[in-house]
Structures are given as structure tokens and as C-alpha cells.
Amino acid sequence: MSRAPGYLKSPTLLLIVVVVAYILGERLAGLMTLDALMLFMYFLGIAAALNIIMGFAGYVSFGHAVFLGIGAYTYILLVYFVPTMNSLQKMGAGLGVFAVAVVAGLAAAAVAATIGAVVLRLRGAFFAIATIGLDFAALYIVKGVVPTLNPEQFYGAQVILPSWAIVPKEDVFNAMLLTFLLVILTNYAVRRSGFGMGLLAIKEDEDAAEVLGVPTAKYKTIAFTLSAFFTGMLGAIFALNGGGVDEGIFHLGHSINMIVMIVIGGLGTVSGPIVGGIIYYWLYDLLLIHYPGLNLVILGIIVGLVVLFAPEGIIGILRKLTFQGVRLRELLE
Amino acid sequence: MDVSILAINVVSGLMWGCVLGVAAIGLTLLWGVMKVVNLAHGELLLLGGYAIAWLYVTYGLNPLVGALAALAIGVAAGAAIYWALLHKLVGKVDIITLRIEMSTLLMMFALSIALYNVYSHVTRSEPRGIGLWHVGPTSVVKFGPVAVQMNHLFAAVLALFITIAVHLFLTRTMVGKAIRAVMQDSQAAALVGIDPVKIKMFTAMLAIGVTALSGFLVLLYESSIIPGTAYKYAPLGFVIVVLGGLGSILGSFIGGVIIGVVYGLSKVIVAELYSPMASDPIALSTAFVILVLVLLFKPEGLFGRR
């Protein structure tokens, strides 16, 4: 059996490089609109962000949209009410946007580190239900509080950015690309680290992991906080690109997107959310064009089929295949 | 603060709570017996509501008869869902692991996306209802200073009736007793000759039947439904199930009443202390704060067993 070529030893890195090259190529060629490319990165990004807690640690957070919402509202309200933040976001061809998005991500991370740490005591379905509860609590609080902040200007909980707070699309794109790279590389780094090993141990058997000396509570909290941080940043930039935010950002549909991508791709790997994200984005686009209105029905059926017949996702199927006598699994990891 | 405003809000919260409580019975049964967290609960609730509205508008069928039709549809849907989606995952296993639990969660989630979008597609998200059927929203009953809408009162009374009926079914019939036995210990139940697979199927039929039937109450209470109504009732259902205790019918009903009354009370308080504009959403958020608190400090709920 000949040794696999060097680059094949880490197909994950290869995949990341290909995806980034594709995005940059499309950007230079200008065939896809900036909006479409940003949506692509946003999809892959949120899947990768949720992957840190759901894929590695096995905690399915159904209410992850809450962090998208917190990030988005923090960003939009900051640039709306704080003049320094508004001038900051216009600096450095996207670096400013990135900086404000970091602040928004920190807000989401703060919620995750405090409330999340408590909720993470729950396991399985109870954890999923609690995160849904968190999402709805935040949704209703935003619906109640935001309209009172500026009753003359805000329509319900909807905040539309006025022209003085709009940032050129190219800048937003740069910030999105930067965030996207950050979240993917963090995924990769986590997977390779002892911390990531600990998370996988928690997924396999939390009690056993605890007995063997994995600081489970600490690891879970860090993973949840990291995941919330990136989700918040992506939500912020997504909202900025949309020119504002409304309570729809808390919709469970956003959580659906993230979970579906990870489930299609395969849990617990770095390439899972990327592959799943690409397929989901492509399917979403395709079904939206050909079956508008029924696209999500079809997606629901696909998810059901994946759960029933391919619980390990596409990466799981690929791992079982063999390639010139070498199990792809050995090549992939 | 005006006392009568408080009284009106508490009473209306109480009646809504009865509806919420019944709407959560199906959820608590499925969760209690086979650890299936029915994320499609809201959509299955609407299945009943839409069936009643459709039969009424198209064929002029009396909604009370329509409610029985909804029950039948729910029972059939329950059997179909069990065999098509759940049997492969939970049918033959006695101890349901976290992994299976997650799979069923995703499975029901998939059903929920599919159903929700079928509804949106078919109704174009326009409201559907039974209009001003004879207990329409116009008629009002007065108890002293408290005016009560007739349809709300009717829904609450019916809710009480359904709760008692389900309770009697579970305690007095053989099938009901078997369901409770499987809920307590599925292996021991199998030892005394109860077929767990059959009972799981019956549970799914009963649970989803009651869920579809309570769609009638939601229809009465809301007077019209849109697909988004699912997103109001399903999450509140989770809160109630956790608060009342898994598998407890009484707990579900009382949990619903508590959530309803707390909603009514906090609505008045928020309007008084903060802003009337914010009162409704913030009052709804209290339910989810209760959820997280119960999960953390009394995870077995009010009437549940550990």
C-alpha cells in the first residue's frame, strides 16, 4: 500500500483552501453578486459556528438563533445610537465593521457564558428545549423593549439603518470574509487540540469523560461561548448587509438552517459543516428556483431521510468508502 | 392600579391557561412514554384547526362535529407518524439513549418544517377560522366587573372536559393503564405481557389525536389561525410539560393554568411599571424564564417522578 500524498493526509485543510479560493475567485471574476457570495459564507459560517458545540460536544442547541439575534441587535443598535461606533465601522475597508462585529459577538458570548453555563447542566432534549426557551425569551424581550427605545422611528421591533449608518458593500464583504476564515480556522484548531478531544469525549460519554479527568463543565462552557461569539458576529454582519434587523432574526428557521447543514454534512468533523453548507446552499438555491414555497418541505423530507438512513451524514458515508484499498477514513482524519 | 383590570387579566389568563394546558397533553404523553420531543407539536395542533376550519367553510359542517373529525384525523396521523418516522428509531428499544433522543428530535423537526411550509403554501399564510360561529367573539358574559368573551369561556370549559376524559381513559381503561405502565417501566411492562410496540403506537395515536382536537380550542380562542400560530403554542407547550412534569395529564393542565395566570398578571404589571406597548411580549417572555428556572431547580416538574 503506497503512502497517500501529503495533501491528502489533511483533506480538511485542502477543502478549506479550495472553498476560500473559490470565494476569492468568484469575487475577482464577479460572476456571483456580492450578496450571493456573502450568503454563501454566512451559511457555511453559522454551520461551522454551531458545529463547535453541536458537532464536537454533542449538545444540540435548537435555539442558536438567539445568538444571531443578540449579535444583530447589538450591532445595529450600537451604530444607531453611538456615534463613535458608527464612525468606527466605516474605517479600514471592512476592518471597522469587523471590530464592531467583534463587540456584537462579545455580547452574544457574554449571554452564552452566563446563562449558557447554567443551561449546559441539562442534557439531551432538555438542553435543546432550554435553548429554545432562551430564544423565545430573548425574542419577546426584544419585541417588548426595542420599540420603546425610539417610538417615533422604529416600526415595532424593526430597526432600519438610516443612510448615515450604511457601509459600502465591499467593506461588508471583507468583514464577512474575515469572520468566515476565523470561524473555519477556529473549527480546525479546536478539532486538532486537546480541548477538541475533550469535547468529543463529552459527546461519547460525558460521565466517563468526567471520571477520566476532562473538565466537562469548563469545556462545555468554553465551546458554547465560542460558538455563540461567532454566531453573534455573523448575525451582526448579516444584519448590516440587510440594512437593518427585525425580530425575524430570532426565528427558529435560522436554527433549522444551522442544524440541517451539520446533519447533512456529518456531525463532529470540520469538513461536515462545510460540505453540508455547500450542499444545503446549493439545494436551497435550486429548490427556491424550481419549487418556490415547497422548497422547505423538500428540505424537511431530506433531513428526515438523512436521520433515518444516514445518521452519520455525508462525511460518515465517505468515511466508510474505500479508495484504492485505503479506507477514506484514514485519509480524512 | 385598577383592581378590575387586574381581575380581567387574571381571568382571561386563566381561561387561556386551560387551553394551553390541554394543548400540551399530547406533548407530555409522547415525551413521557417514548422520550419523543415532538417539535412538530404546533403544526399537528394546527392540523386539527385547519381541518375544522376547512370542513366548516367548505361544507358548512358544525365545528363541534368537525372537532370529532379532527380527533379522527389526529389519531390516523398519529399511527402514520409512528410507523413512518418513529418506529425505526424507538420501536424496539427499551432504554432510549441520548443519541436516539436526538435523532427523534431531528425527525420531528423535519416533520415540522415540512408541515409548516405545506400550510404556508396551501393557505398562502392567510388566516383561516370559523368566523362568527354561534359562540363568536362578539358575545360577552359578565361576572360582576369581569367581562368574559363567550368563545374563551367555552374553550376553557371544553378544555376541562377533555382533560378529565383523557385522565379517565388513562386510569380506567386497559389500554390507558398499559400506557401508564410502559411510561413507568417499559421492560417490566413487557414482562407482564404488554406489547411495548403496540402501546407506543397507541400512545402516538392518543397523543396526536388529543393534539389535533385541541386545535379546536385554539381555533375558538384565537378565532383564526395562521401557520405562525404553531410558533406560539408549541414553545409554550414545552414550558408547560416541563413545569407540569413529564407524562402527567394533571400536571399539564395545572402547568397551563399557571402559565396563563402568570401571563395575565405580568401583562398588567409591565403595562403599569414599564410601558403598555411592551406588556404583551414581555408577559410572554416570563413563560420562558419559568422554563429555564424549572429546568434548573426542579427538573422533574410539579407532578413528575424522577
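How many residues does the contact take from chain A and from chain B? The points below answer this and then turn to chain B on its own.

1. This is a predicted model. In it, the contact takes 39 residues from chain A and 36 residues from chain B.

2. On the side of chain A that touches chain B, four elements each supply at least two residues: helix 6 (95–119), helix 7 (124–149), helix 12 (252–265) and helix 14 (295–309) of chain A. Helix 7 of chain A gives the most, with 18 residues. By class, this side of chain A has 29 nonpolar residues, together with 7 polar and 3 charged ones.

3. Within chain B, strand 2 (residues 140–143) and strand 3 (residues 146–149) run antiparallel and are joined by 4 bridges. One of the pairings involves Phe143(B), whose bridge partner in strand 3 of chain B is Val146(B). The hairpin formed by strand 2 and strand 3 of chain B has 2 residues between the strands, and Gly144(B) in this hairpin takes a positive phi near 65°.

4. In helix 7 of chain B, the residues Ala178(B), Ile179(B), Val182(B) and Met183(B) are buried. Viewed down the axis of helix 7 of chain B, its buried residues fall within an arc of 145°, so they line one face of the helix. An α-helix has 3.6 residues a turn, so residues three or four places apart point the same way.

5. As for what that face meets, the buried residues of helix 7 of chain B pack against helix 2 (25–34), helix 6 (150–172), helix 8 (186–191) and helix 9 (196–222) of chain B.

How values were computed:
Residues are numbered from 1 along each chain as its sequence is written. Chains are lettered from A and ligands numbered from 1 in the order in which they are written. This is a predicted model: local features need pLDDT of at least 70, side-chain atom pairs count only at pLDDT 80 or more; totals for chains, interfaces and linings use all residues. Two residues are in contact if their C-beta atoms, placed from the backbone, lie within 7 Å. Ala, Val, Leu, Ile, Met, Phe, Trp, Tyr, Cys and Pro count as nonpolar, Asp, Glu, Lys and Arg as charged, and the others, Gly among them, as polar. Two strands pair if DSSP finds at least two bridges between them. A residue is buried if 20 or more other C-beta atoms lie within 10 Å of its own, exposed if 12 or fewer, and partly exposed in between; C-beta atoms are placed from the backbone. The arc is that of the directions from the helix axis to the C-beta atoms.
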